[in-house]
Amino acid sequence: MAWTYLLIAGVMECVWAVGLKFTDGFTRVWPTIWTLTAMAFSVVFLARAMKVIPIGTAYAVWTGIGAVGVAAFGMLFLGEVRSLARVLCIALIVAGIVGLKLLAAPAAAD
């Protein structure tokens, strides 16, 4: 269950990171509420995952999911640059996330 919590935390990190763009510096009420709510959920689920998963692994996977998700969102929906080099770098992050999952301590296997 810890890895499921970590996945939820990572997705919520994507939501709040993208949400920041739409808050307009926290001056727009509804985007701000959604962003702050996603932040809270992200941290709560990260904390739950860290009860089982080592802190270094959990944090690296959490930030990796956020980085990949937000970069993909930006390229797909916000017109950010889509280049082979950028996609390859994102693939390296994904490889790191998968590696951390596969090499996690046996006690963290879920």
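Guide: The expected span of a helix is 1.5 Å times one less than its number of residues. The model discussed here is predicted.

Visitor: How do you know that helix 3 reaches close to its expected span?

Guide: Helix 3 has 23 residues, for which 33 Å is expected at 1.5 Å a residue. From the first C-alpha to the last, helix 3 reaches 32 Å, close to that value. Just after helix 3, Gly79 takes a positive phi of about 70°.

Visitor: What makes Val61 stand out in the largest nonpolar core?

Guide: Val61 is one of the members that touch the most other members of this 15-residue core, together with Trp3, Leu6, Leu46 and Ile53. Helix 1 (2–23), helix 2 (29–49) and helix 3 (55–77) each supply at least two of its residues. The largest share, five residues, comes from helix 1.

Visitor: Why is Ala40 called partly exposed?

Guide: Ala40, in helix 2, has a relative accessible area of 42%. Buried requires under 20% and exposed over 50%; 42% lies in between, so Ala40 is partly exposed. Between Ala40 and Ile90 there are 26 Å in space, C-alpha to C-alpha, and the two are 50 residues apart in sequence.

Definitions and conventions. Residues are numbered from 1 along each chain as its sequence is written. This is a predicted model: local features need pLDDT of at least 70, side-chain atom pairs count only at pLDDT 80 or more; totals for chains, interfaces and linings use all residues. Side-chain values use heavy atoms; hydrogens and water are left out. A nonpolar core is a set of buried Ala, Val, Leu, Ile, Met, Phe, Trp, Tyr and Cys residues joined through side-chain atoms within 4.5 Å. Buried means under 20% relative accessible area, exposed over 50%, partly exposed in between (1.4 Å probe, protein chains only). Helices (H or I, at least four residues) and strands (E, at least two) are DSSP runs, numbered from the N terminus.
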